[in-house]
Amino acid sequence: MSDTQTLIENRPPSVAVLFLDRVAATPNAEAYRFPVPAAGGAGGPDDWKSLSWGQAAERVFAIAAGLIDLGLEAEDRVALASNTRVEWILADLGVMCAGAATTTIYPSTNAEESSFILADSESRVLIAEDGKQLAKARAHRAELPRLAHVVVLNADDAVAVEGDPEGWVLSLADLEARGKEHLAKHPEAVKERIAAITADQLATLIYTSGTTGRPKGVRLPHGNWSYMAKATVATGMIHSDDVQYLWLPLAHVFGKVLTSGQIEVGHVTAIDGRIDKIIENLPIVQPTYMAAVPRIFEKVYNGAAGKARAAGGAKYKIFKWAAGVAREYAKVRQDNFRRTGNASVPLGLATQHKIADALVYSKLREAFGGKLRAAVSGSAALAPEIGYFFSGAGIHVLEGYGLTESSAASFVNPGEAYRTGTVGKPLPGTEVRIADDGEILLRSPGIMQGYHGLPEKTAEVLEADGWLHTGDIGELSADGYLRITDRKKDLIKTSGGKYVAPAEVEGQFKAICPYVSSIVVHGADRNFCSALIALDGPAILGWAADNGLEGKTYAEVVAAPETNRLIETYVQTLNEGLQRWQTIKQFRLLPRDLDVEHGDLTPSLKLKRPVVEREFKYLIDEMYAGSNEA
């Protein structure tokens, strides 16, 4: 048995134990960095403050003791509805150290679905970010008899109204004060709870945002997270001297992986969930690694291309040349490393790359803070051509793969040996096999216990011997790299009997067209494939201003014949590289971009195909009208 395997199998029962160990080992080291509004000035840059591990532990223990004082027992659920902020992490750690279980709710979730999650999970406490989240619970309080308290992070919003039960609403500061009083009387209360935690005890109940139907609660015990902490560090992906920039929604399962790994290794995490602050924050935080989703890299790429185009024809020609050099450089380096272990490139290509680096790539790296060693991408497939572009530019995007049901991280690309277009190799302790129909099956200490209260649904995906059916189609290379082809349920079979993987076609188009934001390929049981295309607002409006459409709204620009002709040229380029049955014969531009607010994307920015196809059915029908389909 390898040292890594021994380490994972002999891991402690919970991350709470790892947290105690971390605080004891480096109490004065910086743990968390977070923004606070600049004093007296609206619109100015934020100030950043820090918490050491010791300071964080004081607050975590106060929160845990406060929850114990409220009467919470082991595995009682505490729901968390908040954007990503330092208090989210402190509250989650407090729940864990009290032996309770965190139920996550995206703050964008509507009141009805929030109420469903609170009721289905039988949450006894809700930790709400602000008055908006409090109002959702208050509106459905009659349906939530077990919800005994709402703790509000923003103290000004922790205001009771007529009809609230006494003590139902309190602030986080109130909870921490209550906890300190409890610890004064029972100083070992929290440590006793931590000592009593078992590996199979429920730690997290995460409801899949789902692309269809009601969300299902995924039961993830403490042992899953101690495994994730040990396994992610064992990959060599994170180091003790790293600075992580954490902006992803912590309601998503991947956030728990990132915080668990940080506790194991002890690096700094800078936290700010405001997406509109990412560009501003990166040069300030100067992260060495960060996690993101493909949509972010697509937007950065489109933004860079748009900026070059706006600067004039010569600048745009240089950018396109540099993008081509970056892709070739990355492909040659990765191919050589795979074959020989040496990531060398021919002298001519190296010379071109050096020139392109001075003109283009170095500025791109500066925009990411200048110290970024690697970025981890997950949640959906990153178009390989975009991945190669960033790789060649010196921004190494390591794609990974996992599901909520596997505690998020099952595969990740291994450092310098990463291969664009794959999700890398399995984490230590994770087994994989490909079923006869191409479906990926996983087995590991990170697999869920099952769906909360849904034994039949659990049995559909989880075999008795621990193998999880992922629903994804993939291929394994001889040396263990996994490539995801598509979602099993998303594969299109045309009326001609040909199978098409829409994600593959969509990814290729995103690499070709700098104006696309989202694309949905359609064609199941049809005699040809079609596409619904949403354009990136800033990119297409920038083009419009230079092409006689200045001052037009987004909807007016996408409705213009000139815009349709522009996108048609990119569709034709796409089709040249596809098999005949994959080609896009018809497309329509959507009157707006796809987003979370309209329900087109999940909070983790995954496409909800059925929702989009339902809403824009009239455009789909229009594309197939008169096509003589049977």
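Hi everyone, let me start with a pair of cysteines. The sulfur of cysteine 513 has its closest cysteine sulfur in cysteine 529, and that one sits 18 Å away, too far for a bond. Please keep in mind that this is a predicted model. How many disulfides does the structure hold? The count is zero.

Are these two cysteines buried or exposed? Cysteine 513 is buried, at 0% relative accessibility, and cysteine 529 is buried as well, with a relative accessible area of 1%.

Now, over to the sheet. We have nine strands in an open sheet with mixed pairing, and the order reads E2-E1-E11-E10-E12-E13-E14-E15-E16. Which strands are at the edges? Those are E2, residues 47-52, and E16, residues 425-426, each of which pairs on one side only.

Strand E15, residues 411-412, is joined to E16 by two bridges, and the two run antiparallel. Within that pairing, phenylalanine 411 stands opposite proline 426 of E16.

Two helices are worth a look too. Helix H12, residues 294-310, packs on the sheet and touches strands E12, E13 and E14; the direction of H12 makes about 125° with that of E13. Helix H4, residues 86-97, lies across E1, E2, E10 and E11, running at about 135° to E1.

How values were computed: Residues are numbered from 1 along each chain as its sequence is written. This is a predicted model: local features need pLDDT of at least 70, side-chain atom pairs count only at pLDDT 80 or more; totals for chains, interfaces and linings use all residues. Side-chain values use heavy atoms; hydrogens and water are left out. Two strands pair if DSSP finds at least two bridges between them. Helices (H or I, at least four residues) and strands (E, at least two) are DSSP runs, numbered from the N terminus. Contact means heavy atoms within 4.5 Å. Axes are lines fitted to C-alpha atoms, for helices over the stretch in contact, and angles run from 0 to 180 degrees between N-to-C directions. A disulfide is a pair of cysteine sulfur atoms within 2.5 Å. Buried means under 20% relative accessible area, exposed over 50%, partly exposed in between (1.4 Å probe, protein chains only).
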